[in-house]
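The sequence and coordinates are displayed below for reference.

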Amino acid sequence: ASAHREHRAGRRAGPARAVDAARGRPEPLILMASSFSTRDHDWTLVALVLAIATLGVLQIYSATRETVWKGAHFRQVLWILGGLALMWLISQIDYHALMQQAPLLYLLCVLGLVAIFAIGEVRHGSRRWIELQGLSFQVSEFAKVVLVLVVARYCSELPRDVLSGVDLLKIGGLVGVPMAL
């Protein structure tokens with residue numbers, strides 16, 4: 001029963017957590033998997049994504065074969081390989097560590113959305129982009145992931161399994177603030 005409560009609170013159960021608590025050290029922000037297992041991934045999903053990506057590369061090749069953009073499909077292959085590497089890296093992150101940081105990430109998200117009004121770059125008639133050191137990104141894309149984490153953490157910390165009307169209003173408030181910005 002206590003392992004279930006620890007899991008619902010977003011904490012790791014087991015001896016590793018007890019050792020850290022006994023030493024008085026905080027858990028690290030991101031915990032990496034200790035070993036790679038083929039069971040850790042949904043290989044059907046990966047195969048479907050690669051099949052769709054392959055079709056995209058073939059279409060780019062076909063559309064640009066006799067034009068000044070020939071060879072553009074190689075860039076797409078590089079982006080796909082980079083995406084696969086990023087997917088593997090992200091899959092190694094323990095989501096419990098992210099859940100612990102959800103309030104901080106939410107605060108950064110809201111501050112970033114407010115910063116768009118002050119330093120945001122206008123593109124195609126709307127102010128959505130922030131440029132930092134030559135890289136431009138949309139804070140709203142970061143906000144989508146953070147909102148999933150915040151709502152998941154809120155729901156996991158509820159003492160019951162059924163959401164009440166008040167709980168739904170609180171979730172609406174958590175989602176509504178970034179949405180309004």
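Helices here are DSSP runs of H or I with at least four residues, numbered from the N terminus. Under that definition, L98 belongs to helix 5, which covers residues 95–100. The model is a predicted one.

Beyond the neighbours within four places in sequence, L98 is in contact with I93, L105 and L149. The pair L98 and L149 is separated by 51 residues in sequence, yet the C-alpha to C-alpha separation in space is 7.6 Å. H73 lies in helix 4, which comprises residues 72–91. Not counting residues up to four places away in sequence, H73 touches V57, I60 and Y61.

| Residue | Relative accessible area | Class |
|---|---|---|
| L98 | 27% | partly exposed |
| H73 | 13% | buried |
| C109 | 0% | buried |
| C155 | 26% | partly exposed |

The classes follow from the cut-offs: buried means under 20% relative accessible area, exposed means over 50%, and partly exposed lies in between. H73 is therefore buried because its relative accessible area is 13%, under the limit of 20%. L98, at 27%, is partly exposed.

How many disulfides does the structure hold? The structure holds zero. A disulfide is a covalent bond between the sulfur atoms of two cysteines.

Three strands form an open sheet in the order 1-2-3, with antiparallel pairing. Which strands stand at the edges? Strand 1 (121–123) and strand 3 do; each has a single partner strand, so one side of each is left without a neighbour in the sheet. On average, and with direction ignored, neighbouring strands of this sheet are turned by 45° against each other. Strands of a sheet pair through backbone hydrogen bonds, either parallel or antiparallel.

Strand 2 (residues 126–132) pairs with strand 3 (residues 135–138) in the antiparallel sense over four bridges. Within this pairing, W129 has Q138 of strand 3 as its bridge partner, and L132 stands opposite L135 in strand 3. The two strands form a hairpin with two residues between them. In the turn, Q133 has a positive phi of about 50°.

**Helices on the sheet**

Helix 6 lies across strand 1 and strand 2, and runs at about 100° to strand 2. Helix 7 (residues 139–156) also packs on the sheet, where it touches strand 2 and strand 3. The direction of helix 7 makes about 50° with that of strand 3.

**Helix 6 against helix 8**

The axes of helix 6 (residues 102–119) and helix 8 (residues 165–180) come within 9 Å and cross at roughly 30°. Because angles under 35 degrees count as roughly parallel, helix 6 is roughly parallel to helix 8. On the helix 6 side, Y106, V110 and L113 take part in the contact, meeting G173, L174, V177 and P178 in helix 8. By class, this contact of helix 6 with helix 8 has six nonpolar residues, one polar residue and no charged residues.

Definitions and conventions
Residues are numbered from 1 along each chain as its sequence is written. This is a predicted model: local features need pLDDT of at least 70, side-chain atom pairs count only at pLDDT 80 or more; totals for chains, interfaces and linings use all residues. Side-chain values use heavy atoms; hydrogens and water are left out. Two strands pair if DSSP finds at least two bridges between them. Buried means under 20% relative accessible area, exposed over 50%, partly exposed in between (1.4 Å probe, protein chains only). Contact means heavy atoms within 4.5 Å. A disulfide is a pair of cysteine sulfur atoms within 2.5 Å. Axes are lines fitted to C-alpha atoms, for helices over the stretch in contact, and angles run from 0 to 180 degrees between N-to-C directions. Angles under 35 degrees count as roughly parallel, over 145 as roughly antiparallel, 65 to 115 as roughly perpendicular and the rest as oblique. Ala, Val, Leu, Ile, Met, Phe, Trp, Tyr, Cys and Pro count as nonpolar, Asp, Glu, Lys and Arg as charged, and the others, Gly among them, as polar.
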